[in-house]
Amino acid sequence: MPSNRTSVISPQKHPHVSSSELLAFLAGKRFLLDELPFPPELIQSHYEHGYLSYQEGIVRTEHGYQCMRCGNRQVHLFASFMCARCGKMCTYCRQCIAMGRVSECTPLVISAFPIESTVYEQPLVWNGALSKGQRQAAEAVTRAIENNEEWLVWAVCGAGKTEVLFPGINRALELGKRVCIATPRTDVVLELAPRLQQAFPSVPVIALYGGSEDRSKQAPLVIATTHQLLRFYRAFDTMIIDEVDAFPYSVEPMLQYATEQARRETASLIYLTATPHQSWQQEIKRGRRKAITIPARYHGYPLPIPSFEWCGNWRKKVKRGTLPANVYAWIRKRIQTGKQAFLFVPHIELLQRVVSILKPFDHRIEGVHAEDDERKEKVRAFRKGEIPLLVTTTILERGVTVPNIDVAVLGAEDDIFTEGALVQIAGRVGRSAHYPNGDIRFFHYGKTRAMVQARRQIIRMNKEATERGLLKSP
Ligand SMILES: [Zn+2]
Ligand SMILES: [Zn+2]
């Protein structure tokens, strides 16, 4: 075992290095020694020549351990076992065990050479037009990428944030910068990859997610789920983190660590979100975080503003097999006029009860939740107009866009409905230019701070959009 495993030895230039398959395999990534599909002698000789270096997988800290692959420092996420390799009790990380075991005696292997990059000439082929708000944000993103800065793009639901990235990605590729877009959801990776490939037809694009076939490939433009970032090391000059607020709180430190490790030290960092956490909102307000807002939707109509409606002790009613009268009335009106709607409820158990209460009303009413195997079919049936009302948990708060719907939340006071969640839910309404309006109603048994802040945030965005001249004149 090499004694100085964490330091990168500066390599001497050597003619056969550039053609080495091992180094090509390692480029921009970090592997467990056992993961490398090469003979040990070859790995050893590369090490001795200084072409690759080793890092400790687990390091001892003042208070315990840290996993160098995923950043884990939590005591309960480490365990020990009698290790055959080092012949003693050996500590390993449980947080990233799904990617293979990192233990005290397992080195991580990295290339000693920076990853190569390619320069593209005007790679963007896209004829779409940006709205004024999008254009202003796109310019900010492009400057941030050129200057290797950290910026947040705060774009309201329906602003069209993907296109905002196009000019910046174009500039990055022109400068020979390698780009990564990371997102919490596999659906988004699958949706984004073909759009980007179409916009940048001459640039290899790869999509990385659990089970993806692109896993061993390299490309200057990478779209990945957050977990896949853990495989990379100093690989990207431009990191774009989509829906930064959507990560579960518990995953956040790992995301931060993965982002830090996957990017070059000087890389630009672009965050995209429709609903930044309160702490980020405060930082923006105080000028401590660089941010640009897109307060208007692509179609230029203002965001529908949620109205609050008290509905008494609705939980008790649901238990008795009924719903508050005003909630019933709201649903009846939608069914009678044929306007489709989402009804959000806080939890799965409630969802099932509410669906069974509503079925006699209209047998086509369905419910959908995270563990529902038929989730995709139901959403498809809803889009086709076969389901008049879809009862849902927060699973549909993002991503699903249906042109002409109304939305209600039953029990908007529940803790699960954070400010961000409520803004996202309200953001389902009025998405299409043909139907820019719609009703968004928060039925509650006591107003919460989250509800008030969500409403305030939406009103503030509309105000800013008006002031900046981003809305269609009535
Ligand atoms: Zn780990
Ligand atoms: Zn060991």
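The zinc ion (ligand 2) is coordinated by the SG atoms of Cys83, Cys86, Cys90 and Cys105, at 2.2 to 2.4 Å. Donors are N, O and S atoms within 2.8 Å of the metal (3.2 Å for Na, K and Ca); water is not among the atoms, so sites may look incomplete. The model is predicted: local features need pLDDT of at least 70, side-chain atom pairs count only at pLDDT 80 or more, and totals for chains, interfaces and linings use all residues. Residues are numbered from 1 along each chain as its sequence is written, chains are lettered from A and ligands numbered from 1 in the order written, and side-chain values use heavy atoms, without hydrogens and water.

The 4 donor atoms subtend angles of 105 to 117 degrees, which makes the arrangement tetrahedral (four donors, all angles between 85 and 135 degrees). Their spacing along the chain is C-x2-C-x3-C-x14-C.

The chain is divided into domain 1 (3–111), domain 2 (132–294) and domain 3 (307–467); the bounds come from an automatic or database domain assignment. Domain 2 and domain 3 bury about 1100 Å² between them (accessible area, 1.4 Å probe, lost on being put together, summed over both). In domain 2, Cys157, Thr275 and Gln278 lose the most area to domain 3.

Helix α12 (residues 419–426) is mostly covered, with 8 of its 8 residues buried (under 20% relative accessible area, 1.4 Å probe, protein chains only). Helices are DSSP runs of H or I, at least four residues, and strands runs of E, at least two, numbered from the N terminus. The buried residues of α12 pack against α7, β16, β19, β20 and α13 (contact: heavy atoms within 4.5 Å).

Methods
Buried means under 20% relative accessible area, exposed over 50%, partly exposed in between (1.4 Å probe, protein chains only). Four donors count as tetrahedral if all angles lie between 85 and 135 degrees; four count as square planar and six as octahedral if opposite donors are over 155 degrees apart and all others between 65 and 115; anything else is irregular. Buried area is the accessible area (1.4 Å probe) that two parts lose on being put together, summed over both.
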